[in-house]
Amino acid sequence: MTTVIDGKAVAADVVTKVRIAAEKLIAETGVVPGIAVVIVGHDPASQVYVASKGKKAKECGFHSVEHALPSDTSEADLVALVQKLNADPKIHGILVQLPLPDHIDAGKIIQTISADKDVDGFHFTNVGKLGTGELDTAFVPCTPAGSMLLIERALGRDLSGLNAVVVGRSNIVGKPMANLLLNANATVTVAHSRTKDLPALCRSADILVAAVGRPEMIKGDWVKPGATVIDVGINRLEGGLNGKSKLVGDVDYGSAAEQAGAITPVPGGVGPMTIALLMANTVVSAFRSAGQSAPRF
């Protein structure tokens, strides 16, 4: 029997723990965890994401602020806002929603965010800490961090003796995912578009993480019987039921579920974990700023 890994349930558990931790911090120190979300322009998908993050922050008892800027905002003005948020003691997490307009250098903006408030985990300082195993002080990107929690729920924290294959080498998911798996003692291979005989490589994996951005690319006969499959992909396909679009992952769920020991669905798998881990990173930042020992999720 294949176990369907319920990301909604795990995310709800994380959010509950975050809310309890926030209440404890407020009661003991008076510090209210604070998150600032900055959005530039009017991208509909970005607006939906920002609204959901604000709603979740309030659910956790956070101080939450949103800065919605026009699409013609200059890079200099955005840098100035980020620097102002860096200096604001009431803000512990800063999130600049991507993508940014073409005239703004996203890399420059990300590196302007204080590493101590970089709850997305994209600052070079946090990237370097993750790459060298300094997880106790790093902020890890939320999607791979959430994926790792789902793997831990299925297999435990020590992955010694297990082979992991990560399909995708992005800075946002693939590379940090590989580092997390290495830190848990898995033997890790990172595959990508130029990998030779990708199906055979995937079949060697006890843990298969799909983060390539191609709908239903990984078929059931690519999956080792009993493997744990984590599908990070979120792709919208037209021509669904009643002519509506549908969301699918990078894994062909129907055929893969017949082989896998455990698998995440799309939607309802990795997706809910991303916002939950953003909240977790923010409360950890607040604990650190107050000189308190940060909780682990």
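## Chatting through a predicted chain

Tutor: Let's start with N185 in this predicted model: N185 is partly exposed, because its relative accessible area is 43%, which falls between the 20% and 50% cut-offs.

Student: Okay, and where in the chain does N185 lie?

Tutor: N185 sits in the loop that runs between α7 and β6, just after α7.

Student: What's the phi of N185 like, positive or negative?

Tutor: Positive, near 80°, and N185 is a residue other than glycine.

Student: Which other non-glycine residue has a positive phi?

Tutor: E216 has one, with phi near 55°. You'll find E216 in the loop between β7 and β8, the latter being residues 228–231.

Student: Why does E216 count as partly exposed?

Tutor: Because its relative accessibility is 24%, and buried would mean under 20%.

Student: Back to α7 for a moment. Which of its residues are buried?

Tutor: Helix α7 covers residues 174–183, and its buried residues are G174, P176, M177, A178, L180 and L181.

Student: New topic: peptide bonds. Which residues does a cis bond join?

Tutor: L98 and P99 are joined by one, with omega at about 5°. P99 belongs to the loop between β4 (93–96) and α4 (106–112). There is also a cis bond from V266 to P267, where omega is near 0°. That proline, P267, is in the loop between β11 (262–263) and α10 (271–289).

Student: Zooming out, how many helices and strands are there?

Tutor: The chain has ten helices and eleven strands.

Student: What about domains, and how far apart are their centres?

Tutor: The assignment gives domain 1 at 31–114 and domain 2 at 142–271. Over C-alpha atoms, their centres are separated by 29 Å.

Student: How does the radius of gyration look for a chain of 297 residues?

Tutor: It agrees with the rule: a compact globule of that length would be near 19 Å, and the chain has 19 Å. The C-alpha trace spans about 50 × 40 × 35 Å along its principal axes.

Student: And how much of the chain is buried?

Tutor: Buried residues account for 48% of the 297. The exposed surface comes to about 13800 Å², with 53% of it from carbon and sulfur atoms.

Student: Last one: how many positive and negative side chains are there?

Tutor: There are 28 positive and 29 negative ones, and the centres of the two sets are 2 Å apart.

Terms used: Residues are numbered from 1 along each chain as its sequence is written. This is a predicted model: local features need pLDDT of at least 70, side-chain atom pairs count only at pLDDT 80 or more; totals for chains, interfaces and linings use all residues. Side-chain values use heavy atoms; hydrogens and water are left out. Domain bounds come from an automatic or database domain assignment. Helices (H or I, at least four residues) and strands (E, at least two) are DSSP runs, numbered from the N terminus. The radius of gyration is taken over C-alpha atoms; the globule rule is 2.2 Å times the number of residues to the power 0.38. Buried means under 20% relative accessible area, exposed over 50%, partly exposed in between (1.4 Å probe, protein chains only). Accessible areas come from the Shrake-Rupley method with a 1.4 Å probe; for residues, only the protein chains shown count as cover. Lys and Arg count as positive and Asp and Glu as negative; His and the chain ends are not counted. The place of a charge is taken as NZ of Lys, CZ of Arg, CG of Asp or CD of Glu.
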